[in-house]
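Open the model in your viewer and show it as a cartoon. Colour it by chain, then follow the stops below.

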There are 2 protein chains.
Amino acid sequence: MLTAPSNVYLPRPAASSETRLVSDKFEKYVAENVDEFAKEIIRLASQRSVSARREGIEECAALVEKMLKEIGAQTRILRIEGAPPLVFGEMKSKKSGKTIMFYNHYDVQPEEPLELWKSPPFKPEIRDGAIYGRGVSDDKGELVARLKVVQSYVETQGEPPCNVKFFFEGEEETGSVHLAEYIEKYGDLFKADGVIWEYGTVDTSGTPKVTLGVKGMIYVEFVIRSLSQDAHSSLAAALPSAPWRMVRLLNMLKDANERIMVPGWYDNVSTLSEDELQVLQEMPFDGDGLKKSYGAAGFVGGMTEEQAKKALVQRPTGNIAGIWSGYTGPGSKTVLPKEIHVKMDFRLVPEQDPEDLFKKLRKHLDDNGFADVEIQLESMEPAARTPHSHPFAQAAIAAAAEVYGKKPIVQLGSPGTGPLYLFTRKYGMPSVDIGVSAEDGGIHAPNENLKLENLVKGMLWIAETMEKFSAA
Amino acid sequence: MLTAPSNVYLPRPAASSETRLVSDKFEKYVAENVDEFAKEIIRLASQRSVSARREGIEECAALVEKMLKEIGAQTRILRIEGAPPLVFGEMKSKKSGKTIMFYNHYDVQPEEPLELWKSPPFKPEIRDGAIYGRGVSDDKGELVARLKVVQSYVETQGEPPCNVKFFFEGEEETGSVHLAEYIEKYGDLFKADGVIWEYGTVDTSGTPKVTLGVKGMIYVEFVIRSLSQDAHSSLAAALPSAPWRMVRLLNMLKDANERIMVPGWYDNVSTLSEDELQVLQEMPFDGDGLKKSYGAAGFVGGMTEEQAKKALVQRPTGNIAGIWSGYTGPGSKTVLPKEIHVKMDFRLVPEQDPEDLFKKLRKHLDDNGFADVEIQLESMEPAARTPHSHPFAQAAIAAAAEVYGKKPIVQLGSPGTGPLYLFTRKYGMPSVDIGVSAEDGGIHAPNENLKLENLVKGMLWIAETMEKFSAA
């Protein structure tokens, strides 16, 4: 799951309902078989698959393929040397020419700290209407829910409402490092008309949230080396200082109004449309709660709550994530440090091209006397965002309103970053985050859980979205 | 010994000699008894006294007092709770109303790494005309040499040429933390007309160096806390950044020309006199060697070699000794750090008052929107410098020229800092660094040594200085 911040959005009041496309028969089948679905989640979550420790990865991939075959899908195990296998599945439908792809991952976070679990993490059990175990929500519960949506269609109507593809990777929790290579190698196999991304959530009041994208990012490390060895600080009267040079560099990167001073940085950045501004305005935002959570006296640059909410969606950032030089222990040591390191992440909005911006950053340094400064590029990802007006986004939003009986929270873009662009940029595919999880599901933590009520509703949400988009 | 940089000064050609005041009898006595003096150094250096480990401190203080008594001095052991004892000695003379104080310390650096010593560090031995052992130079060799100068006067002339005081502390190598308290408590006991400081050196060509003072220092740590906990860096679009705030603060502290921007920082700083400029010009300075040693492309701010030499003596500095915030490990972590720390040392010239400057620094921050920024004061020491024209300085310089047969290197002020001011400020006492050590004597390192030739010459240098100053 993307490590984006949560708990800053408040629930919305219920909205008016519309006409459902999902049949009564389908809905009844899902409701009656929830215990069977839960057993299947427990079956998959009983198989350890901690990617950080390469634990049970092959066994889990084999089990996922088996489960895909059991619902009648065609399967392939795709491989790249040194990477966990990618499990691919496919099922055709004569009902619509459209294709929807499900992206999920079968690896999980490590289970530590063990002593805080009330039941064994890899022997999931049901208590008080919820399944408890590592991965039952992130992302094995979501994965199985999607298999079971398709299976329910096969059982009740012979086939799903559109063609479906399943893309299940095994290293999401360690950064999806081979994802680009898989997409490069297997190309059009993954092409679809829309992607239902990893997960979808309801907040603590039961309001669903539709997220339409993520920011991009350039992550760099600046290194200035002024001396071959640390010097006694009395020599600072004569010898150059790496830390002071870095202060000059940073001061030239961002002005006092938080604006990045690299020429051309904002060239293609558009303002939000009337439609998007409306969505933004409707999005609840607990600014005071956010400030309180982090003990902040105010928003950066004295922004208002409305400005801060907008900035999280649409403002490019230039953040100092780490800085170090010289003596960092207790007390005093008189040293002129030989070097300084600064790590920075620049978040990008959809209109910004990271490769182009990285070149502009380099040129900005070169043009201002910092040609010798090393810039280590750690990672580069463009933003990805599905327009709010896109039929796929509209289908997911309308489906949420019907299934949950209330207007969903629509987030134009998460302030976080993820590899979504690998699908959306290459094939121009829209993407939505919808699913069966809850914000208080304890993902990445002990006692991770999935409520059976959310499982049923989330499956209906996915089904209704598939039908509406297929019919659009 | 002060941890000031060495090896940046080149030897000078010999100068013309002047008339000596030290008698032939005295000189003969010293030359004939050098082996006895060496045995006394070995005797004291055989007693462990590692202040960092509180090892043998009491025993060593007792031995030093015994050795003082053996030359006929009156002694006192001064005590402050929790501090190593201070051994004080005194001997009156009817020959002059003047009093000279010898400052030394009887504690030593730890002996590690043991495996690099060619003979046991605390069983000193003589090889090839030099004594090898921990402390034989820094500072037990210097201490004993001064006792033996006084003893030689007693033996040859009945008494020294002036009153003498001995001030021997036991925690110099751990920062002289109780020195100010001792001076505060025992006040006028230490008053004299001049101080012969800890040590004096000849360089590798045998040229003596007279150092007339040290810079002062304010050492502070700035702390900015913007959040109560680290945040995911996606929130940098809305929440304030401690590192960026520190960049603004630092940028306001020093301008691009290396000038400290705190109003009044340079108020009392005088330019060097004609006399001092002449001394500075005569001081050899290996600028290329210094740059090469540290792999520096040039001097800070593009200074010339002459400017750099002058800056080391007379330029106040503002050095970033340490800076840290956020993630400092390998790879990337997307964090908005909750806080940042910066350690800075500001070196001061004699005209600057650290207490006044610290208040001005605080006000500068307050006046520019940084009133909430914490400034932790680590230490504060004024500079100390004996004017080149002072009779005590002139006596030491003339004595060096006579004893070594060449003009000494005169350093108006070391770029480093030390507690010298505790004596010089309170009593207006002049101070000079003269003694028996050599730049290549391996102080603080394995195989520390003292050449017997330097022992003899250094003792004559001290004696000649005492006589010239007494007669002045």
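How many bridges join β13(A) to strand β13 of chain B? Select residues 319–326 of chain B and the β13 strand of chain A: five bridges join them, and the two strands run antiparallel. Keep in mind that this is a predicted model. For one bridge, pick Gly322(A); its partner in β13(B) is Gly326(B).

Now widen the selection to the sheet. Eight strands form an open sheet, in the order β16(A)-β11(A)-β15(A)-β13(A)-β13(B)-β15(B)-β11(B)-β16(B), with antiparallel pairing. Go to the edges: β16 (374–381) of chain A and β16 (374–381) of chain B each have a single partner strand, so one side of each is left without a neighbour in the sheet. From one strand to the next, the twist averages 15°.

Stay at the chain B end. Select β11, residues 216–225 of chain B: seven bridges join this strand to β16(B), and the two run antiparallel. Zoom in on Phe222(B), whose bridge partner in β16(B) is Ile375(B).

In chain A, α10 (residues 354–367) lies across β11, β15 and β16, running at about 165° to β16(A). In chain B, α10 (residues 354–367) lies across β11, β15 and β16 of that chain, at about 165° to β16(B).

Last stop: the contact between the chains. Chain A and chain B each bring 63 residues. On the side of chain A, elements giving two or more residues include α6 (242–251) and α9 (305–314). β13(A) gives the most, with eight residues. Colour this side by residue class: 33 are nonpolar, 21 polar and nine charged.

Definitions and conventions. Residues are numbered from 1 along each chain as its sequence is written. Chains are lettered from A and ligands numbered from 1 in the order in which they are written. This is a predicted model: local features need pLDDT of at least 70, side-chain atom pairs count only at pLDDT 80 or more; totals for chains, interfaces and linings use all residues. Two strands pair if DSSP finds at least two bridges between them. Helices (H or I, at least four residues) and strands (E, at least two) are DSSP runs, numbered from the N terminus. Axes are lines fitted to C-alpha atoms, for helices over the stretch in contact, and angles run from 0 to 180 degrees between N-to-C directions. Two residues are in contact if their C-beta atoms, placed from the backbone, lie within 7 Å. Ala, Val, Leu, Ile, Met, Phe, Trp, Tyr, Cys and Pro count as nonpolar, Asp, Glu, Lys and Arg as charged, and the others, Gly among them, as polar.
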